[in-house]
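Please open the structure in your viewer and keep the selection tool at hand.

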Amino acid sequence: TKCESGCVCADGLYENLDGKCVPAEECPCEYGGLSYGRGEQIQTECEICTCTKGKWKCVQKSRCSSTCNLYGEGHITTFDGQRFVFDGNCEYILATDGCSINRPVSSFKIVTENVICGKSGVTCSRSISIYLGNLTIILRDETFTISGENPSVRYDVKKNALHLMFDIIIPEKYNMTLIWNKHMNFFIKISRGTQETICGLCGNYNGNMKDDFETRSKYVASNELEFVNSWKENPLCGDVYFVVDPCSKNPYRKAWAEKTCSVINSQVFSACHNKVNRMPYYEACVRDSCGCDSGGDCECMCDAIAVYAMACLDKGICIDWRTPEFCRKF
């Protein structure tokens with residue numbers, strides 16, 4: 001409606017983020033507050049997107065996968081992205097199939113044994129059991145044992161300085177990658193070639209986080225503790241009635257926890273801040289660092305930071321955050 005002084009690009013040219021006029025073919029794309037040049041790609045678990053003339057062009061991957069995380073002192077992120085925390089002292093089913101009433105046969109079941117690991121009452125995973133028919137894999141005490149056999153299941157074990165990784169194929173049903181950091185962090189990555197329903201603490205994996213608190217009895221619980229109690233493997237265990245706030249019980253640890261966990265908010269992870277919301281991971285780190293008061297407090301803190309680093313890596317951002325003085329690898 002009125003004239004304003006200044007510069008404009010000539011016809012057919014467009015201003016890029018550096019203030020230069022470029023042809024449409026060289027226009028950048030934006031994702032999460034970051035700029036990407038022509039031809040650069042970003043990947044999600046389901047899509048590969050390429051920057052073309054300032055817009056993202058996305059191609060669906062042939063196989064789409066999703067990851068459930070169990071980490072630290074009872075933190076879970078479901079396959080559909082729902083987050084919650086609990087302090088249950090029992091064995092719980094993380095994920096299994098055969099959940100529908102019409103087809104109640106299970107081809108796999110993954111169970112976590114949670115025990116009290118702090119004086120305030122917080123709990124963490126002591127062992128993971130993976131049941132694949134007659135084949136059983138137990139993860140415990142920084143190692144694993146395998147018993148039984150199942151000729152129809154293929155699996156491969158890989159090791160590095162920080163993790164044990166299990167690639168498991170159940171033909172015509174699931175490709176699974178299980179990653180364990182030999183302590184409290186466990187990741188279940190599944191791509192499926194079946195419409196078989198999945199259930200457990202990792203949710204029902206239907207793309208909708210709003211109904212993830214589906215109980216063993218097939219109704220959506222009103223809160224996460226009702227949901228957690230329904231997935232006890234041993235019905236004789238006591239129910240969970242509240243979630244512990246360890247920083248209130250250990251206020252003398254809070255300042256140390258906030259200071260050490262602040263690396264998540266620092267420049268070290270700045271490349272990831274626009275890709276993965278850091279606040280849930282920072283808050284989980286502070287909670288775990290306050291609660292881990294029975295020895296190994298630095299290990300708890302490092303495990304919590306490692307979960308954020310893993311989430312960054314899933315978005316293609318590799319952060320070199322460990323040093324010989326801070327959460328060293330060995």
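Which residue of strand 20 does Asp97 stand opposite? Select Asp97, and then Ile198 in strand 20, which is the residue opposite. Before going further, please note that this is a predicted model, in which local features need pLDDT of at least 70, side-chain atom pairs count only at pLDDT 80 or more, and totals for chains, interfaces and linings use all residues. Residues are numbered from 1 along each chain as its sequence is written, and side-chain values use heavy atoms, with hydrogens and water left out.

**Stop 1: the domains**

Colour the chain by domain: domain 1 covers 13-60, domain 2 covers 65-230 and domain 3 covers 246-315. These bounds come from an automatic or database domain assignment. The C-alpha centres of domain 1 and domain 2 lie 37 Å apart.

**Stop 2: the open sheet**

Helices (H or I, at least four residues) and strands (E, at least two) are DSSP runs, numbered from the N terminus. Two strands pair if DSSP finds at least two bridges between them. Strands of a sheet pair through backbone hydrogen bonds, either parallel or antiparallel.

Display the 6 strands that form an open sheet in the order 15-14-13-12-11-20, with antiparallel pairing. At the edges are strand 15 (143-147) and strand 20 (198-199), each of which pairs on one side only.

Now select strand 11 (residues 91-97). Its antiparallel pairing with strand 12 (residues 109-116) extends over 5 bridges. Within this pairing, Ile93 stands opposite Val111, and Glu91 has Glu113 as its bridge partner. Strand 11 is also joined to strand 20 by 2 bridges, again antiparallel. Is strand 11 largely enclosed or exposed? Strand 11 is largely enclosed by the rest of the structure, because 6 of its 7 residues are buried. Here, buried means under 20% relative accessible area, exposed means over 50%, and partly exposed lies in between (1.4 Å probe, protein chains only).

**Stop 3: two hairpins**

Move along the sheet to strand 13 (residues 123-132) and strand 14 (residues 135-140), which run antiparallel and are joined by 6 bridges. Select Ile130 and its bridge partner in strand 14, Ile137. These two strands form a hairpin with 2 residues between them, and Gly133 in the turn has a positive phi of about 65°.

Strand 14 continues the pattern with strand 15, to which 5 antiparallel bridges join it. One of the bridge pairs to select is Ile138 with Thr145 in strand 15. Strands 14 and 15 also form a hairpin with 2 residues between them; in this turn, Asp141 has a positive phi of about 55°.

**Stop 4: Ile169**

Select Ile169, which lies in strand 17 (residues 164-170). Ile169 is partly exposed, with a relative accessible area of 27%. Not counting residues up to four places away in sequence, Ile169 touches Ser152, Val153, Arg154, Tyr174 and Asn175; contact means heavy atoms within 4.5 Å.

**Stop 5: helix 5**

Next, select helix 5 (residues 279-291). Helix 5 has 13 residues and reaches 18 Å from its first C-alpha to its last, close to the 18 Å expected at 1.5 Å a residue. The expected span is 1.5 Å times one less than the number of residues. Helix 5 is mostly covered, with 10 of its 13 residues buried; among them are Tyr281, Cys285 and Cys290.

**Stop 6: aromatic rings**

Rings of Phe, Tyr and Trp (its six-membered ring) pair if their centres lie within 6.5 Å; planes under 30 degrees apart count as stacked, over 60 as edge-to-face and the rest as tilted. By this rule the count is 13 aromatic pairs. Select Phe269 and Tyr308: their ring centres are 5.2 Å apart and their planes are at 50°, so the pair is tilted. Phe269 lies in the loop between helix 3 (251-261) and helix 4 (270-273) and Tyr308 in helix 6 (residues 297-314), so the pair ties together parts that are 39 residues apart in sequence. Both Phe269 and Tyr308 are buried.

Finally, display Phe84, Phe86, Tyr92, Phe213 and Phe227, which form one aromatic cluster.
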